[in-house]
Amino acid sequence: MTAALQDLARAKINLYLHVTGRRADGYHTLDSLAVFAAAADTLMLAPSPGDADGQVRFSISGQFGAGLVADADDNLVVRAARALQAAAPGRRFAPVSIDLRKMLPVASGIGGGSADAACALRLLARAWDLDVDLAPIAASLGADVPVCLSQAPARMGGIGEILTPAPVLPPCAMLLVNCGAAVPTPAVFRARAASGAPFRAEAALPDGWTDLVSMVADLEQTMNDLEPAAIALCPAIANVLEAIAAEPGCAFARMSGSGATCFGLFADATQAGQAAQRLNDAHGWWTSAGAIGHSSASHGAA
Ligand code: C5P
């Protein structure tokens, strides 16, 4: 390879998340509808001539990079590179460097680390010209990594790795808000199990949505089953949800994944953008607004 490559690792938002059971290995089975926000990390890959074949230099920059630097060798991006090399024995891997520009809050329920790993798999498969099936490699790296490979709206089953195309989404804007608390996913699943909350059935969804109103009416029949446990661990999530719901034009507010990031759906992109600015100004919360899958305006935490 000679050229530098760059790709976006978009935030994954769970429009709903039903916990349907628990496997013998402790992982929970889910029914969830994942979509991808405009907000994203960026991965930049460049040739690293002079290094040995197979070497992957890794650096982290960006607004939320500092907290990750100490454990960089353990980062999912590095593990993704190693897993890809292991899946293509006998191949030559030209030395590369990858910089992760970390713009998404970490441990925040939007699959940032998983999106970074999926993005690394896509970039490295291109750079090394590998024709391998990335899905099983993605699944070996984490439950959320497979859905992040295509970054297309999908219904997640199993522990997250069984994917079916999602109903067609009406055009709408999404506001993301994170109050700054890191909420570890295992702790939230554990807290939910300890609370004795029941398992839930899969959601009944239509084949397609024509408008935001019908989409919201259907989403209101669903929930994020991790919300009560996450709020018990991080009460500020309840304040964030209340603040999003009170914004003019917000049709729907909910927590994503295991939190603490919450989202709001808006028919009007301007209103979503104004809400992002207002909530950042008023509370110092990290906010981002944009059409699902399109360009965004983010406001850093104060
Ligand atoms: O697969 P990943 O590393 O992203 O999962 C992190 C943790 O979240 C797991 O170790 C497990 O405790 C919990 N989890 C779960 N069921 C899932 C996904 C994650 O219990 N479907």
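Reply: In this model, helix H5 gives the most to the shell around the ligand, namely three residues; helices (H or I, at least four residues) and strands (E, at least two) are DSSP runs numbered from the N terminus. The model is predicted, with local features needing pLDDT of at least 70, side-chain atom pairs counting only at pLDDT 80 or more, and totals for chains, interfaces and linings using all residues. Residues are numbered from 1 along each chain as its sequence is written.

Me: Which elements give two or more residues to the shell around the ligand?

Reply: The ligand is surrounded by residues including Tyr27, His28, Leu30, Thr185, Pro186 and Phe189, where near means a C-beta atom, placed from the backbone, within 6 Å. The elements giving two or more residues to this shell are strand E2 (28–47) and helix H5 (185–195).

Me: Is Gly111 buried or exposed?

Reply: Gly111 lies in the loop between strand E4 (96–101) and helix H2 (112–127). A residue is buried if 20 or more other C-beta atoms, placed from the backbone, lie within 10 Å of its own, exposed if 12 or fewer, and partly exposed in between. Because Gly111 has 30 other C-beta atoms within 10 Å, Gly111 is buried.

Me: Where is Ser114 placed?

Reply: Ser114 has 25 C-beta neighbours inside 10 Å and so counts as buried. Beyond residues up to four places away in sequence, Ser114 touches Lys12, Gly142, Asp144, Val145 and Cys148, contact being C-beta atoms, placed from the backbone, within 7 Å. The place of Ser114 is in helix H2.

Note on methods
Contact = placed C-beta atoms within 7 Å.
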